[in-house]
Amino acid sequence: MNDQVLLDVYMLLRSQIRQRDKDNTIVICQNLLNFAYKKGLLRDNPSDNEGNLIMPSIIRESSLTEAGKHIFDDLMFKWLAYTDNESGKIDRKNNIKMLEKYYNQLLQKTDRS
């Protein structure tokens, strides 16, 4: 069985040069993965009791629930590509409402299929 890696937080961190960008990447991934777990898309909680990511945090196909197999990829790509406005300002650290919006859109799309 090919258990494809969907998200490797450590590899994303390694792609960042500035510490500020590394810190933002952790928060962005933490928000995404905590949200996905709470919505039942991930089998295991990727965070400790305080909500901090347990490293290394690697999400594989086998990490997903049945619901997660249908929408996690799309949710992750929408979240990682999210920009707040035309200027390209990214606010994935603070605007968790966008995760909820993307999630609901994907659920509706899945329901229509």
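Modeller: What follows is a set of questions and answers on a predicted model.

Biologist: In what pattern do the helices and strands follow one another along the sequence?

Modeller: The chain has 4 helices and 2 strands. Read along the sequence, their order is β-α-α-β-α-α.

Biologist: What share of the residues in the chain is buried?

Modeller: A residue counts as buried when its relative accessible area is under 20%. The chain has 113 residues, and the buried share of them is 36%.

Biologist: Of the contacts with a separation of 6 or more, what percentage joins residues 24 or more positions apart?

Modeller: A contact here means heavy atoms within 4.5 Å. Among contacts in the chain with a separation of 6 or more, the part from residues 24 or more positions apart is 56%.

Biologist: How much of the accessible surface belongs to carbon and sulfur atoms?

Modeller: The accessible surface of the chain is about 7300 Å². The part of that surface belonging to carbon and sulfur atoms is 47%.

Biologist: Is Y10 buried, partly exposed or exposed?

Modeller: Y10 lies in helix α1, residues 9-14. With M11 and M55, Y10 makes a nonpolar surface patch of about 300 Å². Its relative accessible area is 44%, between the limits of 20% and 50%, so Y10 is partly exposed.

Biologist: What span does helix α4 reach from its first C-alpha to its last?

Modeller: Helix α4 covers residues 97-112, which is 16 residues. At 1.5 Å a residue, 22 Å is expected. The span in the model is close to that, at 23 Å.

Biologist: How wide an arc around the axis do the buried residues of α4 cover?

Modeller: The buried residues of α4 are M98, L99, Y102, Y103 and L106. They are on the same side of α4, because the arc they cover around the axis is only 135°.

Biologist: Which helices do the buried residues of α4 pack against?

Modeller: On the other side of α4, K97, D111 and R112 are exposed. The buried residues of α4 pack against α2 (19-38) and α3 (66-81).

Biologist: Does N31 count as buried or exposed?

Modeller: N31 is placed in helix α2. Its relative accessibility is 16%, and the cut-off is under 20%, so N31 counts as buried.

Biologist: What distance separates the C-alpha atoms of N31 and L53?

Modeller: Along the chain, N31 and L53 are 22 residues apart. In the model, their C-alpha atoms are separated by 9.3 Å.

How values were computed. Residues numbered from 1 in each chain as written. Predicted model: local features only at pLDDT ≥ 70, side-chain atom pairs only at ≥ 80, totals over all residues. Heavy atoms only, no water. Buried < 20%, exposed > 50% of the residue type's maximum accessible area, 1.4 Å probe, protein only. Areas by Shrake-Rupley, 256 points an atom, 1.4 Å probe, with all protein chains shown as cover. Patch = residues over 30% accessible without salt bridge, like charges linked within 9 Å, V, L, I, M, F, W, Y side chains within 5 Å. Salt bridge = Lys/Arg side-chain N within 4 Å of Asp/Glu carboxyl O. Expected span 1.5 Å × (residues − 1). Arc of directions from axis to C-beta.
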